[in-house]
Amino acid sequence: MTVKALIRFSGWWLIAIVALPLFWLVNVFFESQDHHVYVQSAEASEVYAHVVFGHRSLASGLAHYVEHLAWLNTVGAKQRSANRHSNAWTNPYAVGYWLSGKPDELDDLLQTLSGLFEPLEVPAKFAAEEREIILREYEAHMVDKPDAQAAEAMSAFLYAGNNIASSVLGTPDDIRGFSYDDARALHAATHRPENATLVVTGGVTEREVSRALKTVDWPAKQSADAESQPPTFELAKPADTLLRYPEKEASARVILRHVAALPESIPFDLLEAHALLLADILNTNLAGGLAGPLRFDNAIARGFDVQAWPLDERHIELRFRAAPDRGVSLRAVQKAFRDTLAEISDTGIPDETYQRVLNRFEDFWPDWEDDDDAARWMADYTLERVAALRQPLPLSDVKRLEQQLSHQRINTLLNTIAGNGRTAVAFIGPKERFE
Amino acid sequence: MIRLIPLTAMVISLAACSAEETNGSTPSASNEVSPEGIEFTLLAMPDSDDVAVQAAWPTDWAYRENTNPAAALVGAEMILAGGAEGYPEGEAAEQLADLNTEGGLYGSANDHIVGELVFERDDINEVVEIANAHLRAPLLGQSWLDRISDGITQGVREERAQPGAAGFEAIRWAVFGEHPLRNALSLYDLNPLDELTRDDITAWHAETFTRSPEAVAVAGDIDARSAGEALDTLLAGLPEQGREVKRNVSPDFTPRRILLHMPQAEVSTLAFIAPLPPTRDGGEVEDLLLTHALGSDDQSVLFDAVRTQLRASYGFGAGVNNYTREHRILFMAGEVDTNQMAEAEAVVREAYANFRQNGLEGDLADHKAPLASHFSEVADRVMVQANSALESALDEHPVERSLKQELEAVTEASLNERLDTAFPSADEFIVIAVSPDADALPEACVIITPREAAGC
């Protein structure tokens with residue numbers, strides 16, 4: 001994924017089946033009556049075919065186990081040429097699989113991926129061994145990784161009552177307890193045409209994709225879309241939690257995540273753009289930013305970073321991560337952040353600051369005059385939305401977002417994020433730095 | 001710091017060069033001299049709104065006994081964050097953000113400090129003035145020294161608690177012993193950070209940033225005179241080079257098998273390293289194709305051997321890295337099941353030996369395709385092109401070099417020759433295992449601290 005996409009997914013697990021993925025992505029859009037299909041054409045010598053299934057599984061880690069087995073069943077265990085790259089991933093909403101190749105190989109790529117709809121036929125012994133591979137994956141991602149451990153615990157608290165509260169990877173006990181029968185059942189329930197979205201990007205046209213789907217007899221939807229609504233989020237009652245990760249050798253840092261409900265809903269894409277712009281403002285050393293009070297005018301945090309993103313049209317999350325200055329406790333950094341954010345919220349973002357950062361923000365979008373740049377951006381955007389089970393906006397609507405940004409909405413978001421909600425704080429490092 | 005880096009990162013640094021086609025126009029490379037005598041490579045990239053500048057200042061700071069190796073890392077961050085004459089701390093970053101400018105300073109293979117800037121052509125005068133102030137007269141205040149060294153100290157302390165990092169440190173002890181370069185590569189020994197003074201930083205700054213970078217590259221839609229004048233402004237007021245750079249180090253790559261026993265480790269790691277010829281000698285494109293096939297994705301030789309067949313690891317990869325520009329290494333590494341460590345070592349060795357003997361499997365054109373695609377993709381990116389030109393200049397390759405043509409020229413024969421003459425044989429690797437089980441690698445030299453690897 002691109003850096004932008006990674007930032008948007010920050011705080012969530014996106015677990016890939018292969019540790020060292022190769023992801024050179026290139027990237028319009030059509031949706032047929034028989035299939036959910038998006039096509040993003042570009043000048044490219046490669047084509048990427050992605051299939052995404054919503055899973056909405058409450059069982060920690062099970063969807064990820066299914067992903068491993070389905071990929072092995074369909075792609076991984078089969079011979080393919082060196083120019084064909086593939087990987088698979090799981091996030092809190094969906095599992096995804098992709099395969100790349102030359103544009104004239106599109107039929108074959110889709111034929112291979114259509115195997116995802118077939119029942120799992122991995123030998124039972126191999127399926128059992130794959131649990132051990134996932135344990136190695138757990139070790140790679142979680143052992144001696146306090147940030148990853150904190151991220152899971154914080155998500156479980158912040159998202160309580162929602163599917164996305166459960167761990168994508170699972171605990172070692174969860175992983176050891178996976179059964180092949182459970183995996184097959186979840187696969188059969190989720191890897192269905194009604195639940196699949198195909199995204200094809202690269203050197204192919206909509207017509208070529210449509211023809212290829214017919215050629216390979218790509219499975220068609222058999223029933224109405226039971227799960228086509230984008231995921232919604234329900235905020236549990238406001239509460240705070242403090243998680244401590246005393247690590248003698250770890251660099252001292254505080255991570256604060258806060259989820260709050262907006263007074264009224266804002267279209268998802270517009271909300272996301274405002275959230276990103278607000279984070280950009282808060283990261284500056286301008287009036288209304290945090291860098292002056294925390295880093296330059298006062299020696300509280302030697303470094304910090306603020307990110308913000310929507311969970312749905314009504315809920316927004318903010319994450320603050322900071323390293324304390326010499327002699328400053330993590331508790332003091334946390335308090336300084338909350339106090340400063342409250343002060344900025346009371347006064348609002350000054351107009352001069354808003355305009356300066358807005359001018360910089362135009363780089364968030366591609367150069368729409370540059371077809372190649374725009375196609376790549378739209379490919380990333382489309383995949384990102386589909387991976388979160390959301391419909392990407394058409395190009396014309398994306399282009400209009402920039403004109404819909406407003407100073408008033410930024411201040412509304414700021415007031416929301418500085419107000420009530422659920423807050424999870426993690427202290428990581430030598431425990432004498434905590435208080 | 002030597003860490004495992006994915007192939008994708010290496011591909012990005014190995015970009016297409018002068019003869020690439022960009023949007024139908026052909027950039028040209030030329031050697032130029034500024035009005036004040038600064039020699040530079042100009043990559044004319046028509047239709048590009050951005051300009052990139054890269055400069056590499058030679059240094060042997062890391063090679064000397066009487067220098068503090070932490071000064072370079074801390075100093076580079078201080079220049080960027082701590083303000084400069086006329087630019088109080090925290091202000092220049094906002095000005096540069098308004099100008100949509102990005103810049104940085106980083107160490108390149110411990111032989112050079114590389115400064116880079118990318119900005120919109122119309123802002124060139126303002127950008128080079130800000131950059132010049134930070135190169136010429138950074139404030140280098142004590143409070144920023146404390147701040148930055150605190151952060152680096154904590155980061156190193158956290159990293160060295162990781163088994164994989166401890167393993168690579170043991171290899172550095174085996175290869176470099178007591179040579180100062182060893183600690184400069186990682187700062188694993190924290191004493192230099194504890195002892196670092198502002199005088200160390202100012203001494204490093206004064207001898208490093210001169211009017212005589214070893215190589216300078218400018219890429220963008222800019223003529224030679226404008227580029228030269230900008231470079232003169234960028235380097236104005238900097239001193240002439242005051243000392244001869246001498247980089248003397250004799251690494252010992254004698255094959256050894258070492259087990260670093262870490263009873264508290266929750267995972268086991270296994271790594272192989274061996275030397276490769278420097279990039280100056282050519283063969284980079286072959287190396288990229290070969291290391292990709294050896295250990296980059298699920299179709300790689302090592303993935304198949306260690307994960308798919310042996311079922312001992314989530315992922316086992318390979319790559320190339322530089323200790324110095326002269327001393328490059330090939331590495332193969334990954335976390336493995338502690339109970340399968342010995343078997344994994346044998347499987348990796350056998351898989352590598354077969355690979356070295358038999359070369360790439362499948363159609364060569366299929367192996368080349370992703371790299372060719374990447375070269376085309378980055379052909380209009382000024383920063384990538386400037387970096388490619390800079391690296392080529394440092395390696396004394398001709399200015400008209402084209403990686404695209406080098407890729408086209410690769411044959412199965414040239415790859416096999418590369419494997420035979422440049423890649424180490426399977427028994428020429430230093431093997432390091434880090435494990436909670438002292439017996440995980442039978443007959444290995446067992447140590448309990450990285451330092452002891454020097455005696456293995």
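Biologist: How many Å separate the centres of domain 1 of chain B and domain 2 of chain B?

Modeller: The centres lie 28 Å apart, taken over C-alpha atoms. Please keep in mind that this is a predicted model.

Biologist: Where do those two domains of chain B run?

Modeller: Domain 1 of chain B covers 23-234 and domain 2 covers 257-455. These bounds come from an automatic or database domain assignment. UniProt, in an unreviewed entry, lists residues 196-360 of chain B for "domain: Peptidase M16 C-terminal". That span is 37% helix and 22% strand, and its end C-alpha atoms lie 49 Å apart.

Biologist: How do you know that domain 1 of chain B is in contact with domain 2 of chain B?

Modeller: Two residues count as in contact if their C-beta atoms, placed from the backbone, lie within 7 Å. By that rule, 38 residues of domain 1 of chain B are in contact with 32 residues of domain 2 of chain B. Among the elements giving two or more residues to the domain 1 side are strand 1 (28-33), strand 5 (112-120) and helix 6 (163-176) of chain B. Helix 6 of chain B gives the most, with 10 residues. By class, this side divides into 21 nonpolar, 12 polar and five charged residues.

Biologist: Which domains is chain A divided into?

Modeller: Chain A has domain 1 (3-215) and domain 2 (239-433). Here 28 Å separate the two centres, over C-alpha atoms. The contact takes 34 residues from domain 1 of chain A and 31 residues from domain 2 of chain A. On the domain 1 side, helix 1 (3-8) and strand 3 (47-54) of chain A are among the elements that each supply at least two residues. The largest share, eight residues, comes from helix 5 of chain A. This side of domain 1 of chain A has 18 nonpolar, 12 polar and four charged residues.

Biologist: What makes strand 7 and strand 9 of chain A stand at the edges?

Modeller: Five strands of chain A form an open sheet in the order 7-11-8-10-9, with mixed pairing. Strand 7 (239-246) and strand 9 (301-310) of chain A each have a single partner strand, so one side of each is left without a neighbour in the sheet. Neighbouring strands are turned by 10 degrees against each other on average, direction ignored.

Biologist: How do you know that strand 9 of chain A pairs with strand 10 of chain A?

Modeller: Pairing asks for at least two bridges. Nine bridges join strand 9 to strand 10 (residues 315-324) of chain A, so the two strands pair by that definition. They run antiparallel, and A:Val306 stands opposite A:Phe320 in strand 10 of chain A. Helix 9 (residues 268-282) of chain A touches both strands, at about 170 degrees to strand 9 of chain A. Helix 5 (residues 146-158) of chain A lies across strand 7, strand 8 (253-261) and strand 11 (422-429) of chain A.

Biologist: How many residues of chain B are in contact with chain A?

Modeller: The contact joins 44 residues of chain B to 41 residues of chain A. Helix 5 of chain B gives the most to the chain B side, with nine residues. That side has nine nonpolar, 17 polar and 18 charged residues.

Notes
Residues numbered from 1 in each chain as written. Chains lettered and ligands numbered in written order. Predicted model: local features only at pLDDT ≥ 70, side-chain atom pairs only at ≥ 80, totals over all residues. Helix = DSSP H or I, 4+ residues; strand = E, 2+ residues; numbered from the N terminus. Axes fitted to C-alpha atoms, helices over the stretch in contact; angles between N-to-C directions. Nonpolar A, V, L, I, M, F, W, Y, C, P; charged D, E, K, R; others polar. UniProt positions renumbered as here; feature names shortened; annotations may be inferred.
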